[in-house]
Amino acid sequence: MLNSKVAAILYEIADLLELKDEKFKPQAYRKAAYNIEQLQEDVRDLLDRDALKDVPGVGEAIEGKVREIIETGHLKYLDDLHSEFPAGLMHVLDVPSIGPKTVMRLYKELKITNINDLRQAAEEHRIRGMKGFGEAMEDSILKGIKFLEKSEGRMLLGYAHPIAVGMVAYMKEKGGLDLVNFAGSLRRMKETIGDIDILVGTEEPEKATRAFVSYPEVEEIVSRGVTRSSVRLSIGAQVDLRVVHPKSYGAALLYFTGSKEHNIELRTMAIEKGYRLNEYGLLRKESEEVVAALREEDIYRALGMDWIPPEIREGVGEMEMAREHRLPELVGLKDVRGDLHVHTDASDGADSMERMASAAMAKGYEYVGITDHSQSLKVANGLDVPRLRGRIAEARRLSGSMAPFEVLIGAEVEIDEKGKLDYPDDVLAELDYVIGAVHSRLKMEEAEMTERVISAMSNDRMRILAHPTGRLIGQREPYAIDMEKVLDEAKAKDVWMEVNSFPDRLDLNARHCRMAGENGNILVINSDSHSVAHLDNMLYGVATARRGLISKGKVANTRPIAQALGRK
């Protein structure tokens with residue numbers, strides 16, 4: 001978690017330097033931040049053995065700043081940069097579609113220093129009077145502010161989950177506790193999380209509380225009680241603890257996992273059957289005798305239902321399916337045989353092809369697909385044809401040396417505004433498969449964007465549609481697209497719809513996964529890894545597919561690769 005804190009400070013420096021219109025420094029700080037964020041070793045250990053300078057992008061100056069952060073928890077250079085701007089200006093930079101140059105123009109020309117100033121200027125139509133701006137820009141800013149406010153105070157699933165897993169492991173190991181789990185929306189694996197909820201079952205509540213507040217990353221004890229406590233971690237996340245008696249742990253876990261809608265339906269069903277359900281157990285209404293409380297499964301069974309996985313407890317029909325014993329067997333992480341969307345340092349990744357392939361094999365996969373960006377995406381160092389052909393040869397060599405593990409070679413190929421793919425067909429034919437993706441002109445009208453994507457699917461080489469709505473959670477809304485038409489075309493053309501596991505994408509989302517499953521589409525769950533550490537993100541794509549009621553048979557990369565790619 002310290003790595004994340006250090007990286008966040010370096011990213012913030014990069015943003016402030018961009019506001020100052022520095023040319024090269026922002027990119028240097030971002031590169032260092034990105035690579036520190038991906039480290040699988042604690043940055044403190046690297047610093048102790050004088051190995052931090054071996055991390056790409058970390059020179060002597062940045063190493064000194066990292067040392068100051070670690071030793072003091074503070075950085076004077078960041079304070080000095082902050083002092084050059086009004087306190088609220090950095091928050092303006094968080095509004096989607098507003099870059100550093102625009103923020104500085106708004107500051108200098110309209111004296112905008114915070115979000116409220118920005119909203120007022122847009123509502124009063126003062127922004128459209130600036131050169132190069134117009135009514136559309138004002139509308140975009142107002143939408144961006146609403147979007148930002150809607151996501152305030154929420155953490156991405158991929159950010160909150162490792163924190164909770166770490167705390168649970170610590171409390172089990174150091175606290176000597178057996179019944180420990182996270183609950184709430186995190187256990188339901190929702191794409192964004194508010195506070196993290198930890199539930200413990202023990203007859204020694206003080207023991208649980210002591211372990212909880214002694215977690216090394218705790219910065220502030222917000223409250224401390226016998227059965228309820230709250231802490232704030234050094235990275236800013238709030239974590240709440242609830243301690244219950246072990247005999248009622250299953251009922252409490254069910255209750256505190258939610259959702260509210262699911263719990264209401266459960267309680268209603270319990271009443272209809274002559275019971276009462278709360279966080280202490282399922283009780284007979286008349287006698288208060290406890291029928292079930294220790295395990296969630298016992299409560300569902302007593303109500304005549306199959307156990308419902310936490311990911312689908314949202315009050316969207318799961319109760320009826322559980323009563324009728326027709327819940328699908330949802331896809332699991334153990335079912336995934338390979339990852340077909342992986343980047344390397346040839347484009348915008350951090351690790352070599354060999355390192356990515358070795359890490360994928362170490363996870364127990366049977367294959368990995370290397371898919372660096374295509375030539376027109378300059379910002380991601382996209383590969384021109386000669387470089388791509390060099391990567392094809394390297395993948396073939398690696399695949400031979402790592403057999404029976406297969407290193408497949410594909411590409412994440414740009415779909416241009418007319419629906420054409422970024423490489424000629426003869427080049428595409430040299431690849432094992434093609435991922436089509438949209439990264440530019442994201443504000444096209446729905447009909448135009450839909451036609452753009454559908455046109456790309458007409459190319460027989462395209463096998464996967466990457467992150468099909470282009471959203472970035474909390475940063476950028478999805479582009480307008482007719483998902484029903486796209487799903488129908490993908491099914492007809494045998495194009496797989498990607499469930500992109502990167503925490504700020506999770507795209508397809510759960511609702512679209514369910515649409516695709518009901519439509520008969522084949523999905524593929526990919527990590528979109530840009531480093532070895534990102535391979536672990538597969539968990540979040542699987543969780544998203546599960547939330548969409550997707551079973552193993554509907555996911556291409558749960559199959560052997562020959563079967564998945566239709567080889568003879």
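Guide: We'll start with the holes and then turn to the salt bridges.

Visitor: Before that, what kind of model is this?
Guide: This is a predicted model, where local features need pLDDT of at least 70, side-chain atom pairs count only at pLDDT 80 or more, and totals for chains, interfaces and linings use all residues. Residues are numbered from 1 along each chain as its sequence is written, and side-chain values use heavy atoms, with hydrogens and water left out.

Visitor: How does anyone find empty space in a protein?
Guide: Rolling a probe the size of a water molecule over the atoms shows where empty space is left. On a 1 Å grid over the protein atoms alone, a cavity is a set of points where a 1.4 Å probe fits but cannot get out, while a pocket is an open set with protein on both sides within 12 Å along at least five of seven lines. Lining residues have an atom within 4 Å of a point. Grid points are joined across faces, edges and corners, and a volume is the space filled by probe spheres set on the points.

Visitor: OK, how many cavities of 30 Å³ or more are there?
Guide: There are three of 30 Å³ or more. The largest cavity has a volume of about 60 Å³.

Visitor: Which residues line the largest cavity?
Guide: Its lining is Ala251, Leu254, Tyr255, Asn263, Leu266, Arg267, Leu277, Asn278 and Glu279. At least two lining residues each come from α13 (249-257), α14 (260-272) and β8 (275-278). Those labels are DSSP runs numbered from the N terminus: helices (H or I, at least four residues) and strands (E, at least two).

Visitor: And what classes are they in the largest cavity's lining?
Guide: Five are nonpolar, two polar and two charged. Here Ala, Val, Leu, Ile, Met, Phe, Trp, Tyr, Cys and Pro count as nonpolar, Asp, Glu, Lys and Arg as charged, and the others, Gly among them, as polar.

Visitor: What about pockets? How much space is in the second largest pocket?
Guide: The second largest pocket holds about 390 Å³. It is lined by 16 residues, and the closest to its centre are Lys190, Glu314, Ala510, Arg511 and Arg547. By class, the lining of this pocket has eight charged, five nonpolar and three polar residues.

Visitor: Which element gives the largest share of that pocket's lining?
Guide: That is α22, with three residues.

Visitor: Switching topic: how many salt bridges does the structure hold?
Guide: It holds 38. A salt bridge is a side-chain nitrogen of Lys or Arg within 4 Å of a carboxyl oxygen of Asp or Glu.

Visitor: Is Arg188 buried or exposed?
Guide: Arg188 is buried, at 9% relative accessibility, and Glu314 is buried too, at 17%. Buried means under 20% relative accessible area, exposed over 50%, and partly exposed in between (1.4 Å probe, protein chains only).

Visitor: One more: what meets Asp15 in a salt bridge?
Guide: Arg30 does, at 2.4 Å from N to O. Asp15 lies in helix α1 (residues 2-19) and Arg30 in helix α2 (residues 25-37), so the pair ties together parts that are 15 residues apart in sequence. Asp15 is partly exposed at 22%, and Arg30 is partly exposed at 26%. Asp15 and Arg30 are also linked with Glu18 in a network of salt bridges.
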